[in-house]
Amino acid sequence: ATAQTQVLVNGYDPQQQISRHIYGHFSEHLGRCIYGGFWVGDSIKVPKQGGIRLDIVDALKKIKVPNLRWPGGCFADEYHWRDGIGPRNQRPKMVNTNWGGVTEDNSFGTHEFLELCDLLQCEPYIAGNVGSGTVEEMSKWVEYLNFDGLSPMTTIRKQNGREKPWKVEFWGVGNESWGCGGNMTPEYYANEFKRYATYARNYPGARLKRIASGANVADYNWTDVCMRNIPAGQMWGITLHHYTLPSGHWSDNKGSATAFEEKEYFTTMKSCLYMETLLNGHEAIMDKYDPAKKVALVVDEWGIWTNVEPGTNPGFLYQQNSMRDALVAASTLNIFNNHCNRVRMANLAQTINVLQALILTEKEKFLLTPTYHVFDLYKVHQDATLLPVQFKSPEYVSGNDKLPAVNISASKDKEGKVHLTIANIDPNKAIPLQLNLAGINFKKVTGQILTSPKFTDINTFAKPDLVKPAAFNNAVASGNTLQVQMPALSVVMLELN
Ligand code: AHR
């Protein structure tokens, strides 16, 4: 039998709050995320408000989406907000050059997005256009959104049916400015940030949290230059983008979302867990300039990026979602929780029908992916206090390489309940854990598990509930210890009450 792994959960040493905004999502004008996802107009018969699907809104409310990022992504740096307001049938059209070259008719714009956020009861996170927009354009968008008095922009807003400002706070100043957002150097971008950020004004009751477009993966120099040149007071956060790649690197053949062997499963998980190294690297640089940790690290694009489903538009990034995706989500969220003293916001790419989606749709039908279920299990951590966890993980060995098989995070919520989320990424071994709960008093343990026999298991429209959570009864308490048997390929959430 495998020896038990000793885990210390330290209830005597509560740490930082895990910001709920770590559990944020991302919805770009890309493929069928907005059109055919959130927004169906009159095309199908489902419960709707305006053109927004209410059945999907309900599903997302259940996992407590804290914020939603929009309109991109690369799309943000080609988006001109004034094209997306006013009577829908009079809005100009444009070409979505980044994503399939399709015509964008601007029927989903500022008002529609903010209505969606109202319905989801989440905070909007808008990415402004730096790449092809002007300082004036961004400045006026903020005035349109956030000013309550008489002004040129508020007059237009009122004509368009919205009396009161929305008071949007999360404000991205460009996206991937090193790439699709303008191919800039960090020195050039840092200057541009200051110019755009200066005129993206604070209005009464709406203090902007300005977020700089940060590094691509391990581009530590980008973080360094921005941290050195942008005053902390002007920048609430700086972003980081890292996608999990099945082959471990970018190429036209990224690997299938559904058909892969263990070797590729292993390299996928390795690419996912690399997030830990990246956070340590970027945080060390941020600490150099900002030891008080005022500036947030915002991982506003993460998730697995595979080949598209065969036969679908390559520019639409539609991919299936398997038990492997669930382990990517669970492990990444555990990493974010454990880094919550610097990572205060994150956004999975992307909510519906794009990349690592929570929801897939087929006309009227929709299904919840394994990734959705992870967010459902993990919502207990939102705004709870992190508890440190110490242990040495058993190894998941594949060929000459190895990874930590288990990752864990723990928190205590406002009612005093302690939650642990544990992932075992090893596809071949169950792992017994002994949790030593120092300073944690509880009477009852309950749990839920998300698991499936194969890492390739997926939910389909024929079998939408193949991978879904179930009650977990394999945590046995005695005194202040818990014996937990973690099945291979599993995510467990325990509640100690
Ligand atoms: O999420 C898809 C794309 O990936 C985004 O538009 C872009 O920012 C990133 O390269």
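Colleague: Where is Gly73 found?

Modeller: Gly73 is found in the loop between β5 and β6. Keep in mind that this is a predicted model.

Colleague: What is the peptide bond from Gly72 to Gly73, cis or trans?

Modeller: That bond, from Gly72 to Gly73, is cis, and its omega is near 20 degrees. Trp70 and Pro71 are also joined by a cis peptide bond, with omega about 0 degrees. Pro71 has its place in the loop between β5 (67-70) and β6 (94-96). For background, most peptide bonds are trans.

Colleague: Which residues are around the ligand?

Modeller: Gly72 and Gly73 are both around the ligand, along with Cys74.

Colleague: Which residue in the turn between β14 and β15 has a positive phi?

Modeller: Lys363, with phi of about 50 degrees. The turn belongs to a hairpin of β14 and β15, with two residues between the strands.

Colleague: In what sense do β14 and β15 pair?

Modeller: β14 (residues 359-362) and β15 (residues 365-368) are antiparallel, with four bridges. Ile359 is opposite Leu368 of β15.

Colleague: Different topic. How does the domain assignment divide the protein?

Modeller: Domain 1 is given as 5-11 + 387-496, and domain 2 as 20-383. Their C-alpha centres are 29 Å apart.

Colleague: How many residues of domain 1 are in contact with domain 2?

Modeller: 31 residues of domain 1 are in contact with 35 residues of domain 2. On the domain 1 side, the elements that give two or more residues are β19 (401-404), β20 (406-412), β21 (418-424), β23 (445-451) and β27 (490-496). The largest share, four residues, is from β20. By class, that side of domain 1 has 15 nonpolar, ten polar and six charged residues.

Colleague: What does UniProt annotate over residues 300-490?

Modeller: The unreviewed UniProt entry carries the annotation "domain: Alpha-L-arabinofuranosidase C-terminal" for residues 300-490. Over that stretch the chain is 40% strand and 13% helix, and its end C-alpha atoms are 26 Å apart.

Colleague: One more, on the sheet with β1 and β22. What is the strand order?

Modeller: The order is β17-β1-β22-β26-β25, in an open sheet of five strands with mixed pairing. β17 (389-391) and β25 (475-478) are the edge strands, each pairing on one side only. From one strand to the next, the twist averages 25 degrees.

Colleague: How do β1 and β22 run, parallel or antiparallel?

Modeller: Strand β1 (residues 5-10) runs parallel to strand β22 (residues 431-438), and six bridges join them. Val7 has Leu435 of β22 as its bridge partner.

Colleague: And what holds paired strands together in general?

Modeller: Strands of a sheet pair through backbone hydrogen bonds, in either the parallel or the antiparallel sense.

Key: Residues are numbered from 1 along each chain as its sequence is written. This is a predicted model: local features need pLDDT of at least 70, side-chain atom pairs count only at pLDDT 80 or more; totals for chains, interfaces and linings use all residues. Two strands pair if DSSP finds at least two bridges between them. A residue is near a molecule or strand if its C-beta atom, placed from the backbone, lies within 6 Å of it. Axes are lines fitted to C-alpha atoms, for helices over the stretch in contact, and angles run from 0 to 180 degrees between N-to-C directions. Domain bounds come from an automatic or database domain assignment. Two residues are in contact if their C-beta atoms, placed from the backbone, lie within 7 Å. Ala, Val, Leu, Ile, Met, Phe, Trp, Tyr, Cys and Pro count as nonpolar, Asp, Glu, Lys and Arg as charged, and the others, Gly among them, as polar. UniProt positions are given in the numbering used here, feature names are shortened, and annotations may be inferred rather than shown by experiment.
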